Amino acid sequence: MEDNPNLEDSPFINAEAEAQSVQLDDDFKAAVQAEKWKIESNDKLNLKLQGNAYLQDSQHKWAIVLHGYTSSSAKMTRWIRNFYEQGFNVLAPDLRGHGESEGEYIGMGWHDRFDVLQWIDEVLAQDPEAEIVLFGVSMGGATAMMTAGESLPKNVKVIVEDCGYSSVSGVFVYQLDDLFGLPEFPVLHAANTVTKMRAGYSIYEASAVEQVKKSTTPMLFIHGDADTFVPFEMLQEVYDAASVEKDMLIVENAAHGDAVKVDPETYWQTLWTFIGKYI
């Protein structure tokens with residue numbers, strides 16, 4: 001799992017299926033070349049942001065695939081490949097401060113949501129008839145949910161989030177206690193002061209729950225019930241906040257980001273069935 005290299009994979013991973021998937025991922029990387037797409041952020045930082053686009057001929061199906069914390073688009077091959085094999089053009093951006101994109105801080109999805117809006121515009125410039133699914137894992141899942149609360153073009157048909165957190169403050173409070181035994185006050189309050197000075201936003205305003213409440217786009221929520229990095233309980237928070245057409249997939253015994261490895265058959269069947277209702 002790319003978000004936190006200190007975490008161990010779930011012992012319930014389907015080893016045979018995972019080995020096959022790793023080989024298919026390697027074959028895909030060797031066979032399919034990505035185009036480099038670039039944008040500049042619309043804020044005062046004017047960050048140069050990059051993404052990898054995997055394009056098909058004469059297709060109007062698009063997936064924007066968002067990676068997790070400390071990861072990059074280059075590490076999202078599993079999802080890129082599966083969308084591509086289903087006939088989707090795939091755009092995989094590097095979020096701020098990750099991969100080949102500029103940025104001196106990690107926005108945890110909050111500022112990234114505006115960048116995703118720009119990436120959507122880039123897709124529509126390429127294909128005005130695009131039907132788009134917005135997909136993300138962990139921080140990418142939170143980014144997708146935060147983007148959901150903005151005014152999206154009708155081309156964005158469906159959103160899928162995998163193990164995203166309900167709020168930045170919530171996940172930080174949980175991890176401070178779980179990993180370090182530290183209290184929210186004064187630790188997080190001090191960190192928030194620095195965040196407001198350097199990044200220009202408050203940790204406490206960065207809420208996927210509040211954004212999902214405003215969404216009008218159908219959403220699929222995925223989480224492993226053995227997730228101890230983004231606590232499993234956050235799944236219910238974001239699911240309950242959504243007043244759109246929605247579904248939920250809980251993968252038993254899956255740790256953070258491992259749902260696709262523990263039960264890949266159910267994972268992909270559920271994902272394609274849900275997306276297929278709208279694209």
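Reply: A contact here means heavy atoms within 4.5 Å. The model is a predicted one. With that cut-off, and leaving aside neighbours within four places in sequence, S215 is in contact with A148 and V244.

Me: Where is S215 found, and is S215 buried or exposed?
Reply: S215 is found in the loop between α7 (208-213) and β7 (219-224). Buried means under 20% relative accessible area. S215 has a relative accessible area of 4%, so S215 is buried.

Me: How far apart in space are S215 and E150, C-alpha to C-alpha?
Reply: Along the sequence, S215 and E150 are 65 residues apart. In space, their C-alpha atoms are separated by 7.3 Å.

Me: Which radius of gyration does the chain have, against the value for a compact globule?
Reply: The chain has 279 residues, and a compact globule with that number would have a radius of gyration near 19 Å. Taken along the principal axes, the C-alpha atoms fill a box of roughly 55 × 45 × 35 Å. The radius of gyration of the chain agrees with the globule value, at 18 Å.

Me: How many helices and strands are there, and what share of the residues is buried?
Reply: The secondary structure comes to 10 helices and eight strands. Of the contacts with a separation of 6 or more, 75% are accounted for by residues 24 or more positions apart. The buried share of the 279 residues is 57%.

Me: How far apart do the centres of the positive and negative side chains lie?
Reply: The chain has 20 positive side chains and 44 negative ones. The centres of these two sets lie apart by 7 Å.

Me: How many aromatic pairs are there, and what form does the pair of F83 and F88 take?
Reply: A search of the whole structure finds 12 aromatic pairs. The rings of F83 and F88 are 5.4 Å apart, centre to centre, with 85 degrees between the planes. F83 and F88 are both buried. Planes over 60 degrees apart count as edge-to-face, so the pair of F83 and F88 is edge-to-face.

Me: Which residues do ring pairs link into a cluster with F83 and F88?
Reply: Ring pairs join F83 and F88 to other aromatic residues in a cluster.

Me: Where does F135 lie, and which residues does F135 touch?
Reply: F135 lies in strand β5. At 0% relative accessibility, F135 counts as buried. Its C-alpha atom and that of H223, 88 residues apart along the chain, are separated by 14 Å. Not counting residues up to four places away in sequence, F135 touches I64, V65, L66, M76, W79, F83, V160, D162, Y267 and L271.

Me: What is the phi of S138, and where does S138 lie?
Reply: Most residues other than glycine have a negative phi. S138 is not a glycine, yet its phi is positive, about 60 degrees. With a relative accessible area of 2%, S138 is buried. S138 lies in the loop between β5 (131-137) and α4 (139-148).

Me: Is N253 buried or partly exposed?
Reply: N253 also has a positive phi, near 70 degrees, in a residue other than glycine. The loop between β8 (246-251) and α9 (259-262) holds N253. Its relative accessibility is 34%, so N253 counts as partly exposed.

Me: Which residues is W37 in contact with?
Reply: W37 lies in strand β1 (residues 35-40). At 9% relative accessibility, W37 counts as buried. Leaving aside neighbours within four places in sequence, the residues in contact with W37 are L49, Q50, G51, A53, L55, W62, L91, W119, E122, V123 and Q126.

How values were computed
Residues numbered from 1 in each chain as written. Predicted model: local features only at pLDDT ≥ 70, side-chain atom pairs only at ≥ 80, totals over all residues. Heavy atoms only, no water. Helix = DSSP H or I, 4+ residues; strand = E, 2+ residues; numbered from the N terminus. Rg over C-alpha atoms; globule rule 2.2 N^0.38 Å. Buried < 20%, exposed > 50% of the residue type's maximum accessible area, 1.4 Å probe, protein only. Lys, Arg positive; Asp, Glu negative; His and termini not counted. Charge placed at Lys NZ, Arg CZ, Asp CG, Glu CD. Phe/Tyr/Trp six-rings, centres within 6.5 Å; stacked < 30°, edge-to-face > 60°.
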